[in-house]
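Q: I am new to this structure and would like to learn how to read its features. Could you take me through them step by step?

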Amino acid sequence: MSKGGVLQMIKRFIADERGATALEYGLMLAIFSLVVTTALASVGTNLTAMFQKIVVIFS
């Protein structure tokens with residue numbers, strides 16, 4: 001492969017944005033998953049406390 005062909009291939013690789021889009025979606029998914037996991041953990045802790053209070057009241 002000639003030097004000009006390699007340079008053309010490198011330029012096309014740098015200009016290609018398909019991988020960047022996949023990376024952006026991956027980062028958004030990771031952040032969304034972290035937020036949902038944190039929210040569910042908080043809700044679960046609050047539900048556990050509420051049910052423990054109910055058990056104490058009715059026992």
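Q: Which residues make the nonpolar surface patch of about 730 Å²?
A: Patches are made of residues with over 30% relative accessible area and no salt bridge, joining like charges within 9 Å and nonpolar side chains (Val, Leu, Ile, Met, Phe, Trp, Tyr) within 5 Å. A salt bridge is a side-chain nitrogen of Lys or Arg within 4 Å of a carboxyl oxygen of Asp or Glu. Areas use the Shrake-Rupley method with a 1.4 Å probe, and for residues only the protein chains shown count as cover. Here the patch is made by Val43, Leu47, Met50, Phe51, Ile54, Ile57 and Phe58. The model is predicted: local features need pLDDT of at least 70, side-chain atom pairs count only at pLDDT 80 or more, and totals for chains, interfaces and linings use all residues. Residues are numbered from 1 along each chain as its sequence is written, and side-chain values use heavy atoms, without hydrogens and water.

Q: Why does Val43 count as partly exposed?
A: Buried means under 20% relative accessible area, exposed over 50%, and partly exposed in between (1.4 Å probe, protein chains only). Val43 is partly exposed because its relative accessibility is 44%. Of the 59 residues of the chain, 0% count as buried.

Q: Where is Val43 found?
A: Helices (H or I, at least four residues) and strands (E, at least two) are DSSP runs, numbered from the N terminus. Val43 belongs to helix α2, residues 18-58, in a chain with two helices and zero strands. Leu7 lies in helix α1, residues 3-15.

Q: How far apart in space are Leu7 and Ala41?
A: They are 51 Å apart, C-alpha to C-alpha, and 34 residues apart in sequence.
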